[in-house]
Amino acid sequence: MSDNNLTNKAMNIKSHRLSKKEIDDNFSDLHAPLSAIEALIEADRCYFCYDAPCTKACPSDIDVPGFIQSIRSDNLTGAAEKILSENIFGGMCARDCPTEELCQQACVRNDHEEKPVEIGSLQRYATDSVLNNGVQLFSRQENTGKSIAVVGAGPAGISCAHRLAVLGHKITVYDAKDKLGGLNEYGIAAYKTPNDFAQQELDYILDIGGINIKTGMQLGKQINLEGLQEKYDAVFLGCGLGTVNKLNLDNEDISGVVDAVEYIANLRQTSNKDELMVGKNIVVIGGGMTAIDIAVQSKLLGAEQVTIAYRRSKNIMAASEYEQALAKKHDVQIQYNMSPKLLISDDSHVTAIEFDVMKSQNDGSLKASGENITLKADVVFKAIGQKLVTEGLTENNSLEIEKGRIVVDEHRKTSLTKVWAGGDCVLDGDNLTVSAVQDGKLAAISINETLTQGA
Ligand code: SF4
């Protein structure tokens, strides 16, 4: 939240709402890691199912019963190898994957005990072991003489870069920011990744070598797709989404109306969370993970009243049941069928926001019911999704874009011969770290096949 967005006139917005100690406690690890004995007990609950449904439900194809079996045999390096060979960000995914909707939801233990094997916690247990002990599981194959540009140092880009580096290619990663990590570094709630875990994991991944990093390089400014295609044998686009959608309300630029993504990034980068400006009455507009993240974090920073206002009904909210329950556990109110209508301000600072109460029609569309609700707000967070920035991408070429995203096939190949893409910037991307990592992996496999076998 930039200072000029919070005027002195907005007396309710201030820092030091809670003490440093209270904030440190609030932002400590969301779940404590498993102890060795807890991990063994949990691993013992696995049935090691044939054709395991948990593996089928994992977007990155991790052999779940395989790695749990290794934990059971006290072979943590073997367990981590099974995880990281499919998903190099296995440590972060163990922390931020919606396991309750993916592998754990598919676990057959749900039928027997209404409680799945804690696959996410076991994955963290195994991967933390190699990261904390600096056990490098990967090495580079002989140099192929091929060079590949990767745009974006987030989960998709770095996953692609790592796999290609292992295969012996020379990689150059370009990123607009000065610090690597993309959403893992800037976009995931601070309480999910304490102790600088994102950078620790990144250091481990880049330790493989063969990956040249160029920061401060933005598409449309210092680099463009045309130039990269000329210079490299292949290009992977993992550039994410660069700009936030607007509410499309009249006076949206007034003070106190804030981009949630930007605030979360500031929260992740600051070393003094107690000095962040925090509102008293906060309204979050949106229904995805970003909305939940900013709402919960606002509460943890000391906001008094936090309400998420979502346009549609509960059952189609993008945030999972688990995330919604987490928000409610932190006293965040969630109100459904609320469409923002009017920002009310005093001296150019937001003081309230009025909503149309929406009604779903038989054809699934929404219609204003005629009823209005006004919520007091000194900060309104916009968390209504982001848009692809096409500068530097679409000039002088035929890169296919649909619904504002890059079109790719099942190998993550775009409409351009030398260009692949993955993560949030592609059509049908689902905003999950694990899916971005899988995109990067599949693209790397396809790029390697194309460059070495002419596939
Ligand atoms: S579904 Fe559950 S019990 Fe079966 S292999 Fe996966 S984790 Fe183990």
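**Close-up 1. Leu326, a buried residue of helix 16.** In this predicted model, Leu326 is found in helix 16. How buried is Leu326? Its relative accessible area is 6%, and since buried means under 20%, Leu326 counts as buried. If you skip residues up to four places away in sequence, Leu326 touches Leu30, Tyr191 and Val296. For a sense of scale, take Ile23: Leu326 and Ile23 are 303 residues apart in sequence, and their C-alpha atoms are 18 Å apart in space.

Close-up 2. Two packed helices are described by the angle between their axes and the distance between the axes. Here the axes of helix 15 and helix 16 cross at roughly 20° and come within 10 Å. That makes the two helices roughly parallel, because angles under 35 degrees count that way. The crossing of helix 15 and helix 16 is left-handed. On the helix 15 side, the contact uses Met289, Ile292, Asp293 and Val296, while helix 16 brings Glu323, Gln324, Leu326 and Ala327. Sort the residues of this contact by type and you get five nonpolar, one polar and two charged.

**Close-up 3. Helix 15 and its surroundings.** Helix 15 covers residues 289-300, twelve residues in all. From first C-alpha to last, helix 15 reaches 16 Å, close to the 16 Å expected at 1.5 Å a residue. How many of its residues are buried? Ten of the twelve, so helix 15 is mostly covered.

**Close-up 4. Helix 2 meets helix 4.** Now for another helix pair: helix 2 (residues 36-43) and helix 4 (residues 64-72) pack with their axes 9 Å apart, at an angle of about 130°. Helix 2 and helix 4 are therefore oblique to each other. Their crossing is left-handed. Helix 2 makes the contact through Ala39, Leu40 and Ala43, and helix 4 through Ile68, Ile71 and Arg72. By type, the residues in the contact of helix 2 with helix 4 come out as five nonpolar, no polar and one charged.

**Close-up 5. Asp61, a positive phi in a loop.** Most residues other than glycine have a negative phi. Asp61 is not a glycine, yet its phi is positive, near 60°. Where does Asp61 sit? Its place is in the loop between helix 3 (53-57) and helix 4. Asp61 has 42% relative accessibility, so it counts as partly exposed.

**Close-up 6. Arg412, a positive phi in another loop.** Arg412 isn't a glycine either, and its phi is positive at about 70°. This residue lies in the loop between strand 16 (405-406) and strand 17 (419-421). Is Arg412 buried or exposed? At 17% relative accessibility, Arg412 counts as buried, because the cut-off for buried is under 20%.

Conventions: Residues numbered from 1 in each chain as written. Predicted model: local features only at pLDDT ≥ 70, side-chain atom pairs only at ≥ 80, totals over all residues. Heavy atoms only, no water. Helix = DSSP H or I, 4+ residues; strand = E, 2+ residues; numbered from the N terminus. Expected span 1.5 Å × (residues − 1). Buried < 20%, exposed > 50% of the residue type's maximum accessible area, 1.4 Å probe, protein only. Axes fitted to C-alpha atoms, helices over the stretch in contact; angles between N-to-C directions. Parallel < 35°, antiparallel > 145°, perpendicular 65-115°, else oblique. Left-handed = near helix turned anticlockwise from the far one by under 90°. Contact = heavy atoms within 4.5 Å. Nonpolar A, V, L, I, M, F, W, Y, C, P; charged D, E, K, R; others polar.
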